[in-house]
Amino acid sequence: QQAAENGDLLPMVFLCAVFFRPVGDTLSWVTNDEEGGCILLRSESRPLASRPPPSHPAAVGHLPPPFSAGAADNVSVDPERKLSKRPGECGCMVETLSCSGCSVTLGNIYRCTPKHLDYKRDLFCFNIDSIE
């Protein structure tokens, strides 16, 4: 409640739309691609920005972990690279992302891209219809 009063946004978790396992969070957010219908998250862990100490002792146990997890362990990456067949993605090599609980396809990791899609390279690109 105090964070809401201060105008701070709390992180949100993205879930597989079928199995409801966490697949990522807003702490690893990079951008969204409205035209492509996806959100892009970092795939690696990284330190979070430093936060001020809690204002009262009861809050000590409720601090977030010191690292953002990036895409979650519940996401499986198929190591087989495939040529994308989506319009406008000629020359893209992708690896398929799936939920490790139900095997539904969640999106792709773009490993090789033409210049106009370089912003997607090596990011977890989740289809918005596959997550909640």
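Predicted model: local features only at pLDDT ≥ 70, side-chain atom pairs only at ≥ 80, totals over all residues.

Student: Where does D122 lie?

Tutor: D122 belongs to the loop that connects β10 (105-112) with β11 (124-127).

Student: Is D122 buried, partly exposed or exposed?

Tutor: Relative accessibility decides the class, with buried under 20% and exposed over 50%. D122 has a value of 36%, and therefore counts as partly exposed.

Student: Which residues does D122 touch, apart from its neighbours within four places in sequence?

Tutor: With those neighbours set aside, D122 is in contact with S43, I109, Y110 and R111. With R111 there is a polar contact between the two side chains, at 2.9 Å. A separation between C-alpha atoms is another kind of reading: for D122 and V94, 28 residues apart along the chain, it is 9.3 Å.

Student: How is a pair of aromatic rings described?

Tutor: One gives the distance of the centres and the angle of the planes. The whole structure contains two aromatic pairs. One of them joins F124 and F126, with 6.1 Å from centre to centre and 40 degrees between the planes, a tilted arrangement. Both F124 and F126 are buried.

Student: Which residues have the most contacts inside the largest nonpolar core?

Tutor: That core has 13 residues, and V23, V75, L97, L106, F124, F126 and I131 have the most contacts inside it. Two or more of its residues come from each of β4 (38-41), β9 (93-99), β10 and β11. Another core, of eight residues, lies apart from it and includes L40, V94, L117 and C125.

Key:
Residues numbered from 1 in each chain as written. Heavy atoms only, no water. Helix = DSSP H or I, 4+ residues; strand = E, 2+ residues; numbered from the N terminus. Buried < 20%, exposed > 50% of the residue type's maximum accessible area, 1.4 Å probe, protein only. Contact = heavy atoms within 4.5 Å. Polar contact = N/O pair within 3.5 Å; in protein donor to acceptor, adjacent residues only side chain to side chain. Phe/Tyr/Trp six-rings, centres within 6.5 Å; stacked < 30°, edge-to-face > 60°. Core = buried A, V, L, I, M, F, W, Y, C linked by side-chain atoms within 4.5 Å.
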